[in-house]
Amino acid sequence: MTKASPAHGSCLCGAVTFSGVPSTRGLGICHCKMCRVQSSGPFFAVRIEGGVRLIEERGLKWYDASDIGERGFCCDCGSTLFWRSKDAEPGDWAVSAGTLPDSAIPKIFEHIWIDDKPAYYEFADDSPRRTAADCLGGAPIAKPKGVKH
Amino acid sequence: MAAPATALRVSPKASVKSLSSSDYGVRGFCGNCGTHLYWKMKDDSMIAVWIGTLEHSDDLSFDTQIFIDSKPEHYAFTNETKNLTGAEVFAAVTGIP
């Protein structure tokens with residue numbers, strides 16, 4: 001398997017920049033309600049081999065989003081950046097694909113939380129669709145904080 | 001969803017932050033959680049609200065894509081949509097072809 005090259009990622013304004021090797025496993029797309037509230041669309045998640053290396057982090061802010069996860073964004077420009085488990089190893093974060101160069105974004109590997117997806121959009125790829133229960137393996141669904149819809 | 005900017009009331013204002021993202025546009029977001037709130041013209045002639053913030057936002061129709069020439073290769077929708085390039089969007093807004 002060919003090892004992917006390091007890529008540099010950034011928010012819109014440059015107050016958060018980072019580098020890392022996108023996992024060749026592929027792009028995961030999360031359709032959960034929390035992701036869709038935050039950015040009005042599903043979260044395009046790229047895993048980074050060996051973890052994210054922050055270069056500039058003056059704009060990075062973490063939001064305590066649920067029982068299990070935190071969401072990183074830039075507090076200067078609002079760019080959605082990362083999702084991490086509360087017990088994650090340093091840098092072991094899912095990266096929002098939009099922060100990376102288009103050429104560094106892998107093909108779609110899977111869709112997750114597909115049972116949360118609304119009917120009005122549909123992706124054309126044929127990668128596997130997994131429900132929240134599939135992803136959590138029987139663990140309780142995370143409780144979001146803040147406004148519920 | 002688009003409307004004149006004066007049609008929108010935001011509360012509480014303290015958590016709303018904005019970025020001057022271009023010569024003509026402003027992006028608003030929540031400073032507490034990063035939720036995308038709106039994109040608006042600097043002259044307040046139009047504001048587009050990000051639908052994720054709306055109640056009952058799952059019952060919508062998806063019929064248009066803009067800046068389609070900027071769309072990357074790694075995704076595509078099966079929805080039949082009217083697709084506009086960036087140049088077509090600017091032409092529609094400014095009236096200049």
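Biologist: What makes up the lining of the largest cavity, by class?

Modeller: The lining has 3 nonpolar, 4 polar and 3 charged residues. Asp, Glu, Lys and Arg count as charged, Ala, Val, Leu, Ile, Met, Phe, Trp, Tyr, Cys and Pro as nonpolar, and the others, Gly among them, as polar. The model is predicted: local features need pLDDT of at least 70, side-chain atom pairs need 80 or more, and totals for chains, interfaces and linings use all residues. Residues are numbered from 1 along each chain, chains are lettered from A in the order written, and side-chain values use heavy atoms, without hydrogens or water.

Biologist: Which residues are these?

Modeller: Chain A gives A:Lys33, A:Arg36, A:Val37, A:Ser40, A:Gly41 and A:Tyr120, and chain B gives B:Ile51, B:Gly52, B:Ser57 and B:Asp58. To count as lining, a residue needs an atom within 4 Å of a cavity point.

Biologist: Why is this space called a cavity?

Modeller: On a 1 Å grid over the protein atoms alone, a cavity is a set of points where a 1.4 Å probe fits but cannot get out.

Biologist: How many residues does each chain put into the contact?

Modeller: Chain A and chain B each give 30 residues, contact being heavy atoms within 4.5 Å. The area buried between the chains is about 2500 Å², meaning the accessible area (1.4 Å probe) lost on putting them together, summed over both. Carbon and sulfur atoms give 56% of that area. On the chain B side, B:His36, B:Asp58 and B:His74 supply 23% of what chain B buries against chain A, more than any other three residues. B:Asp58 is also among the residues lining the largest cavity.

Biologist: How many salt bridges cross this interface?

Modeller: The rule finds 0 between chain B and chain A. It asks for a side-chain nitrogen of Lys or Arg within 4 Å of a carboxyl oxygen of Asp or Glu. The residues on the chain B side that touch chain A divide into 13 nonpolar, 13 polar and 4 charged.

Technical notes: Buried area is the accessible area (1.4 Å probe) that two parts lose on being put together, summed over both. On a 1 Å grid over the protein atoms alone, a cavity is a set of points where a 1.4 Å probe fits but cannot get out, and a pocket is an open set with protein on both sides within 12 Å along at least five of seven lines; lining residues have an atom within 4 Å of a point.
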